[in-house]
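The structure is shown first, and the description follows.

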Amino acid sequence: MTGTADRSAALSAAWAEPWASAVEYWVDAAQRTVLFWDVMRQRGNQYLEHAADPTPHVLSYEFELLLDGRTLERPCNYMLVRIVPPEGVTVDPNKRPFVIIDPRAGHGPGIGGMKPESQIGRALRAGHPCYFIGFLPVPVAGQTLEDTGRAQAEFLRIVAERHPKSEGKPCVMGNCQAGWALAMLAAVKPDIVGPMILAGAPLSYWDGPRGKNPMRYLGGLAGGGWPAALASDLGHGRYDGAHLVQNFESLNPANTLWSKQYNLYRKVDTEVARYLSFEKWWGGYVQLNANEIETITEDLFVGDKLTAGQLETSSGRKIDLRNITSPIVVFCSQGDNITPPQQALGWILDLYDSTDDIVANGQTIIYAIHDDIGHLGIFVSGRVAAKEHNEFIQNIDLIDTLAPGLYEAVIVEKSADDPNAGLIRGDHVVRFEARSINDLRALGINTSEEDKAFATAARVSEINRALYTSMARPMVQALASEPAAELGRRLSPARLQYSLFSNRNPAMLPVALAAEQVRANRRPAAPDNPFLAFQDLVSSQIVTALDGWRDWRDRWIESSFYALYGNPVLQAALGIGDETLAERRPPRRSEPEEEREALRGKAAEGDIRDAVLRAILYVIWPMRAVDERGFATLRQLTADHLPGHWGSLAEFKQAMRGQYLILRWLPEEAMTTLPGLLPADVEARSRAFAVIEAVVSAAGPVTGEVKLRLDRMREAFGAAAPAKPAATTRRSRTGRTLKVVK
């Protein structure tokens, strides 16, 4: 009897267990549903409160207003503020200031400092004064992109004046739209901008890999930029940024329609604060003037005129990115479906045929490509801020003094076994490795046939815009009014998804009351509940289905674009041919031979400091890389070992670049004239060589060709090992020539 009872109890338990799990899950699911909709209610209330704020932003820092762009001679809706360091954070006013500019591409300002682990947070933590350029949701009537550029130039001038003892000009970080706007500003006014960090910023709008990133085709399939003009006219002269946000959301329907909400529903006990924080920015729509959005769509996204040198200021000055004199850091990601690496870096290929061209033009370009982070993560992710942005900030002086050329920033995690680990600031170490134009071409560039298709789309856009402007615009503008435009903005789906679930909707009041009861009696299901696993499985199937539809749609968009604009008949009718692409290439600048001749005669000029820099560059030449530890070592030792060292970072930068160009263009003259730069004092030369040896070995022992070159410099500086004959040292001091290793 006992055995029968035990079996019966076991059988009952076996039947009861799934029922218990089911009940537990459905109670949890019902409670999560109530809490989810209450978060939607909170989101709606937050949206209405944010929209009612005359100066909305999502900065998590206190700030002090320095200049309101509406007070300028050419007023605009931009503002300059000083970030007040939070308690416990101290900044040095003599350190290089950082200026962060957020994108005005549909959303409001503040994303660069929305949380402590951010671009602003990292700059402050490194002791740098920090400033922020933001904007109001509504533009000043009549303001143009050029007006906003003038305002930003004035802001940067003010920042520089506030830090007269700073080593170097302000470092400016431009996110997304702010990146290409910053590049245009620096091309027109190169003397006011320090090192530039362009994060997720498109500069070459036609480029991209086949089979991915369909956003570059959308303008052509819409017939060009005229829909933006129509939307602006219906908005009574202003374009609603919600349209841009909806374009972004359409790129990933699985996330927009399901994953973002499901993640909140799945983790509603822990995810609310993060979700609401992001939604406050994502739903903070701003507006642009008609002329602003038309310039962006027609001249940039569809026309791709920036790198072609076809844009001009109102005074007739061409905007040429080759005029930028400050180092340019381009940070992009393979996981970015809005600004893929090809769009972030393609401008280099548009302007230069080789790395020698970059050097001859005197530009320093650094790029870093993340493996998988999305577009927003480039300037929002705390993980990215702690790694990439932190390394850029910590090594900004090294970036500013890098010799002209093309580099990739390679960032690896710091190890306790790293040589001179004490010289590494932060949890990672960065090396700037020399790259060639071919490394960028390997990322994938448009073929001439693809570029002709985009050129055809640009020509069609010009025609359609002219037709709209002459035939339809007068009537649309006559019928439009501000009340109708405001009603249209309020009723847009992008805004209704927030306002409909706010407290303005009486149906949401019971949700708030029910949510209070749920929180007081919350009964979450156990993590190992099998129904939770089934729920996640269903969710993954929904995501897979939406991703499949997205992939089919993207293939259709791409094939339709090339079927239409790749048609040779249409291209011939519009006069698009190979000569059209040739006309888009800006005229070449000085050739390396011209640079070589300009330097001839300067190789023999200088003193022991110049000799040290030339020797360091000569020794590390085979490495084709610069390590942050070497730069830190050089800065530490020059004051003690090289009397009369460089008085400022600018002087050091000028000297370093000068010696690099001499060594690059005149390698034989650089080595034959090196002994003439050395003093007769043997002890001074030994101290100088100690600097060279410490710098080149800062990242670890040198071997191979680098060691051979170091030994040659030991001989040249008269610092040979004691076993060496004294006569060798004397011959070196009297002008002995050195063998050139190529």
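## Strand pairing

Two strands pair if DSSP finds at least two bridges between them. The model is predicted. By this criterion S10 and S11 pair: 4 bridges join them, and the two strands run parallel. Tyrosine 367 stands opposite glutamate 408 in S11.

## The open sheet

S10 and S11 belong to an open sheet of 11 strands with mixed pairing, in the order S1-S2-S4-S3-S5-S6-S9-S10-S11-S12-S13. Its edge strands, S1 (63-68) and S13 (625-627), each pair on one side only. From one strand to the next, the twist averages 25°.

S1 and S2 run antiparallel and are joined by 5 bridges, with phenylalanine 63 opposite isoleucine 83 in S2. S2 also pairs with S4 (residues 130-135), again in the antiparallel sense and over 5 bridges; here valine 81 has phenylalanine 132 in S4 as its bridge partner. Strand S2 (residues 78-83) is mostly covered, with 5 of its 6 residues buried.

## Helix H11 and its surroundings

Among the buried residues are Leu345, Trp347, Ile348 and Leu349, together with Gln342 and Gln343. The buried residues of H11 pack against strands S9 (328-333), S10 (364-370) and S11 (405-413). They also pack against helices H5 (215-221), H12 (355-361) and H16 (437-441).

## Packing of H25 and H29

Two packed helices are described by the angle between their axes and the distance between the axes. For H25 (residues 608-620) and H29 (residues 682-696), the angle is about 35° and the axes lie 10 Å apart. H25 passes H29 in a right-handed crossing.

On the H25 side, the contact involves Ile608, Val612, Ala615, Ile616, Val619 and Ile620; these meet Ala684, Arg685, Ala688, Val691, Ile692, Val695 and Val696 in H29. The residues of this contact divide into 12 nonpolar, no polar and 1 charged.

## Nonpolar cores

The largest nonpolar core has 99 residues, and those with the most contacts inside it are Ile83, Phe98, Ile120, Phe432, Val612, Met713 and Phe717. H25 contributes the largest share of this core, 10 residues. A second, separate core has 62 residues, including Phe155, Met196, Leu198 and Leu300.

Methods:
Residues are numbered from 1 along each chain as its sequence is written. This is a predicted model: local features need pLDDT of at least 70, side-chain atom pairs count only at pLDDT 80 or more; totals for chains, interfaces and linings use all residues. Side-chain values use heavy atoms; hydrogens and water are left out. Buried means under 20% relative accessible area, exposed over 50%, partly exposed in between (1.4 Å probe, protein chains only). Contact means heavy atoms within 4.5 Å. Axes are lines fitted to C-alpha atoms, for helices over the stretch in contact, and angles run from 0 to 180 degrees between N-to-C directions. A crossing is left-handed if the near helix is turned anticlockwise from the far one by less than a right angle, and right-handed if clockwise. Ala, Val, Leu, Ile, Met, Phe, Trp, Tyr, Cys and Pro count as nonpolar, Asp, Glu, Lys and Arg as charged, and the others, Gly among them, as polar. A nonpolar core is a set of buried Ala, Val, Leu, Ile, Met, Phe, Trp, Tyr and Cys residues joined through side-chain atoms within 4.5 Å.
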